[in-house]
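Subject: Handover of a structure with its ligand

Dear colleague,

Please find below the structure for your records. A short account of the findings follows it.

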Amino acid sequence: MAEQKRQIKLAAHIHATGHHVAAWLHPRSQIDAGRNAKHYLSMAQTAERGKFDLMFLADSPGIREGNLNALRRWPQYNTYFEPLTIFSAMAAVTEHIGFVATASTTFMEAYNLARFFASLDHISEGRAGWNVVTTAAKEAAANFGKDEFMSHAERYARAHEYVDVVKGLWDSWDDDAFPRDRESGIYFDPDKMHRLNHKGKFLNVAGPLNMERPPQGHPLIVQAGTSEDGKNLAATIADMVFLMEMSLDSAKRIYKDVKERAVKFGRQPEDLLVTPGMATIVCKTADEAKRQHEFLLSKIHPEVGLEIIRTQMNYVDIGKLDIDRPFPKELIPTDDSTHSRRTRELLAQNPGTVREMYERMSVARTAPLLIGDPIQVADQLQQWHEERGADGFIIQPAYLPGGLDDFVDLVVPELQRRGIYRTEYEGTTLRENLGLRRPASVYA
Ligand SMILES: Cc1cc2nc3c(=O)[nH]c(=O)nc-3n(C[C@H](O)[C@H](O)[C@H](O)COP(=O)(O)O)c2cc1C
């Protein structure tokens, strides 16, 4: 029998109405998506029909502040479900697909977080995952009684300790700690219960958790930072790294970099899956996809366009820009933050007017744009995968649910035909489907 080709992993990144800033103005988006549970349940079923490994929900505990004149036309960040809550409902209407929820190491107590994710892993019978974020949004701090915002380095130092605490809490009980034996009358075995008694620089947590060990041992751990601190965190703790790289070359560099770092930390390269974001508009014909893209571009209000740029530029004052002139050179950021690096790469690739700059970023900011027919889109995915810029992808449809339907109906069969994507789920848990092992308890 011919050896099976290396398989692409797929995540559906769901942004209420879609990833384009004007998605809500597209007729194939759900206009009230952010508070419409049926919309989410139905998309979970669509993604499962397309054999996606997982769905991913981004999150921040606060609205996005900025120019409200612009933001009133860009609803993406101001009304949407808390991920764990909506995933619990999605788990009830699906059997295979995994659920990766974003939760913050800066703004949630570690005990609560460990408990929520252990619960979701039991509710979904082994399909939960945690996107570990340190939350860069300054406006969130004010919702948690914090006036001072932690530095980047401090947030990451806390994240390392925090993830260890959460894993320790998940391991509070050995896998066989609950005999539930009616004959002997013993429900649990105290010798198989572990108290964490953690006292650290940032956290003091006693444990144990009031929930037995999750079906996956530890829910999947995802991380998306690409600064030095971010990559070190990913290489130490993550099962999956989300990227947002514009070019195959930079994706290949980071792919190699994080896998080498993982090996330095005593892990195997295949313990860590690398999945870049890809913004998609796929239609039966390339012309039709181009028309859909042009429709969305025609719906971007210039105020929104400038707000996209401000967001990408860490909210520095960009003054009044003439959108039909080139982006002023003196405003190009020179610092080494992740956002600034991406802005420089974007401007190097697209040295056009301010309008062209925000149009380029209007779908999923700096993610590559896959706009075309199923063959063209599949070609690009296959190339990134084969050349080791990716183990899989986070698919970011421009409008939802229409864009997810199209991907599942058009691109998935093409990937399957090429033998690089599953036709059936391999396992029952998210880790099994991703080919990742179940972690041993820290007490084993
Ligand atoms: C695909 C992707 C999804 C992300 N989702 C979130 C999110 O939901 N919430 C959040 O606060 N940050 C999110 N981030 C930001 C990252 O966690 C990280 O802060 C950012 O990439 C900057 O990296 P750095 O912190 O290493 O500088 C995301 C990043 C990427 C690439």
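Three elements each supply at least two residues of the shell around the ligand: strand 4 (128-133), helix 6 (152-170) and helix 11 (338-349). Helices (H or I, at least four residues) and strands (E, at least two) are DSSP runs numbered from the N terminus. This is a predicted model, in which local features need pLDDT of at least 70 and side-chain atom pairs count only at pLDDT 80 or more, while totals for chains, interfaces and linings use all residues. Residues are numbered from 1 along each chain as its sequence is written, and side-chain values use heavy atoms, with hydrogens and water left out.

The ligand is surrounded by 19 residues (a heavy atom within 4 Å), the closest being Asp59, Tyr156, Ala224, Ser227 and Thr338. Polar contacts here are pairs of N or O atoms within 3.5 Å. An oxygen atom of the ligand lies 2.8 Å from a backbone N or O atom of Asp59, and a backbone N or O atom of Ala224 lies 2.9 Å from an oxygen atom of the ligand. For Thr338, a polar side-chain atom lies 2.7 Å from a ligand oxygen atom. Taken alone, the ligand exposes 620 Å² (Shrake-Rupley method, 1.4 Å probe), of which the protein buries 85%.

As to the nonpolar cores, these are sets of buried Ala, Val, Leu, Ile, Met, Phe, Trp, Tyr and Cys residues joined through side-chain atoms within 4.5 Å, buried meaning under 20% relative accessible area (1.4 Å probe, protein chains only). The largest has 68 residues, of which Phe52, Met55, Trp130, Leu381 and Phe407 touch the most other members. Helix 6 gives the most to this core, with eight residues.

With kind regards

Methods
Polar contact = N/O pair within 3.5 Å; in protein donor to acceptor, adjacent residues only side chain to side chain. Buried < 20%, exposed > 50% of the residue type's maximum accessible area, 1.4 Å probe, protein only.
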